[in-house]
Every structure is written in C-alpha cells, then in structure tokens.
Amino acid sequence: MSPTNTAGPAERTPSLGAIAAVFARHANLTFGGGSATIAVLHREIVARRRWITELEFQLAYALSRLTPGTNLLAFCTAAGWLPRRGTGAAIALAAASIPCSIIAVVATHFYEAWQRDATFAAALRGALAAAVAVMFHTAWVLAAPHVRAAPRKALVFVPASIALVSVFSLSPFTVLLLAAAGGALWPAQSEAR
Amino acid sequence: MNPFALYALLLKATASSFAGLASLPVIRDELVVHRHLITDHELNAAVVITRATPGPVGVYVVSVGYFAGGLPGAIAGWLAMATPALAILVLLRFIGPRAEHPRVRGMLQGVVLASAALLATSAVPLARDAITGPLTLAIMVAGAAALFTKKIDTLWVIAAGAAMSLLGSG
C-alpha cells in the first residue's frame, strides 16, 4: 500500500453505481481475509480511481481498527462516506456485505442437506479439525501486535480474561467491558519503551 | 427464536468485538451454552463454511443466524454483522482526531487482548467436538503448524484438512 502517486487530493467523485460495483466485487470476491481485501481496495479506490486520498485511506483504515465488529465492513463504510457521505456509506456497506452473506446462506443450506452424505461427512470432519487450528491461530494473530507492544498488559489481561470466564463464570461480554475499562485506565503510553 | 431477539443477541456479540471471529465467545455463550439454539458442531461448521466462501471472516455470523433461525435468522445475522460498521461514521466525525490518545489506544489493547484470550478459550470445547480420533488430532496439529510457520491462507488449511480426512477414511 505505497503512497506513491496518491498523496494528492482525490480527483474523481464516484457514481453510486460505481461504488456498489467496486465494493461488491472486491469485498466479496477476495479470499484471504480483511487485510488482503483492503490491499486490493487501496489499489482500486486510491491508486487507480482516486476516489479518496492516501491520507483519507489511512484515516479510514486506522479508525476501522477502532470500530467494533468486522473491521473490513467498517473500512468500506468509511471509504463510501468520504466521497459520497451517507448514501455512499450505505451503498458501500450493503455492497460489501450482502453478496457474501447470500453465498454464506446458500453454502450453509447445502451443508445441512449434504451432511448426511458419507463422503461429505468425512471431508467435514477434517475441515472442522482444521478450523480449530484456525481459531487458535486467529487468537494469536489478534493478540500478537499487543503482546509485542504491551507485554506486561498482555501478561495481566490474557490470563485474567481466561480466569474470569472459566473460573468465575463471567459472561464474555462482561469480560470485554471490564477489559475496555481496564485498558482505558492503563494508557498505552505507559508501556512505551 | 424471534428474529429481532436473535438480532439483539448477535449484535451484542458483534458490537463488543473488534475482529471477525472475536465475537465467537459471546455467540457461543448465548446461543450454545445458555439458549441451546445451535450446537458446538454447528458453530464450528459456520466458521468452516464461511472460511471456504469469499468475504470477510465476520460473515460466519450470517451462517450462525441461518442455523439458529433459517432465512429470517440469516437476515438477523447480516444486520448484526453490518450494524457495528456504522459506528465508524461517528468515529470519523468526532473521535478521529483523538484516535492516538493513549487511553483510547489502551482501551483498544485491553479489548483485543481479552478478545484473543476468549477466542482461545472458546476453541477448547469446539476442539472437544471436532477432535474425534488420531486422524482429526493430526489434522489439527498439522493445520496449526502450517498456520504458525507459513503465510498460508486459512482456506487452504481447511481444504487440506478435508482432503486428509477423505484420504484417511477411504
């Protein structure tokens, strides 16, 4: 995501149809998760089409990491809002989320129909086992930047969260609220080295 | 379950997480443990299905909604996935200039670290459901080794797991 040739002002105001087409295509048809999709979107809306500037892109990306829920959808919402405000945001969000949701529903429906098939069941057993590995890996991917940036905080927050859920039976939602409050009381700069 | 109630439950999970699968612990607690609307097997399958389809990781919530309530449930899942994204408009207008504030960054660190811990904790009962013998255990270990040592897309890990299981059962 190099800023080369993209630091100047945005040059073109996209039509709503163009916003729908770009986000439907690139947010729904890219495998590899949010990072891969955002890299493709950067090429499209900053470098190629110049709908937003590099600075606006960086702002949208940073704020999407602070937004609850799926970061990619927050990013698309911001990237639609910047050139076309509310309507652009709504269209970008819908275009980025509806097609993949339809694909998910169709796949889930066929899963229910196919799970009685012996071959499918065998393949599914392996896929489910692999998915457990994906979950552990995702947990590490989420935590790793903060473990490196704030190791003392990680040493407190990770075991405390596990204990609050497993030993004290607090709900995950309550634990997250406590973590938010604790994190605000322990500013990031105190970990700076 | 009433789709509006399902939407509220799923929104509680998505609005309190900061990455796609980070909502899984709250969803498991509400839909599997307390309300028995879906099983651990279905929750795990929702993750598998949506990792094998394109789109953001968070779309697994739509699959969860479909398992819990059919098509209305899937719509509730889509709304719960999409709604938190609108919060970025508030951030853009009002909080953007303060995003680097140490307390804001500290709060984000706390939530993300807790989310990661909760996700790992939630994976344990799902593993009990998925690891049914030596072959599935080997698939899980091999998948973890591949993910932690190579830059490999999770899609290929899941596809390889399915292929190994097919070959092992053949």
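Author: The model is predicted. Across the interface of chain B and chain A, 14 residue pairs are in polar contact, both at pLDDT 80 or more.

Reader: How many salt bridges cross between chain B and chain A?

Author: The rule finds 0. The two chains bury about 7800 Å² between them, 79% of it on carbon and sulfur atoms.

Reader: Why do the rings of F157(A) and W186(A) count as a pair, and why is the pair called tilted?

Author: Their centres are 6.0 Å apart. The cut-off for a pair is 6.5 Å, so they qualify. Their planes stand at 55°. Stacked needs under 30 degrees and edge-to-face over 60, so the pair is tilted.

Reader: What makes this pair a tie between separate parts of chain A?

Author: F157(A) lies in helix α6 (residues 151-166) of chain A, and W186(A) in the segment after α7 (172-185), so the pair ties together parts 29 residues apart in sequence.

Reader: Why is F157(A) called buried?

Author: Its relative accessible area is 9%. Buried means under 20%, so F157(A) is buried.

Reader: And W186(A), why partly exposed?

Author: Its value is 23%. That falls between 20% and 50%, so W186(A) is partly exposed.

Technical notes: Residues are numbered from 1 along each chain as its sequence is written. Chains are lettered from A and ligands numbered from 1 in the order in which they are written. This is a predicted model: local features need pLDDT of at least 70, side-chain atom pairs count only at pLDDT 80 or more; totals for chains, interfaces and linings use all residues. Side-chain values use heavy atoms; hydrogens and water are left out. Buried area is the accessible area (1.4 Å probe) that two parts lose on being put together, summed over both. A salt bridge is a side-chain nitrogen of Lys or Arg within 4 Å of a carboxyl oxygen of Asp or Glu. A polar contact is a pair of N or O atoms within 3.5 Å; within protein, one must be able to donate a hydrogen and the other to accept it, and residues adjacent in sequence count only if both atoms are side-chain atoms. Helices (H or I, at least four residues) and strands (E, at least two) are DSSP runs, numbered from the N terminus. Buried means under 20% relative accessible area, exposed over 50%, partly exposed in between (1.4 Å probe, protein chains only).
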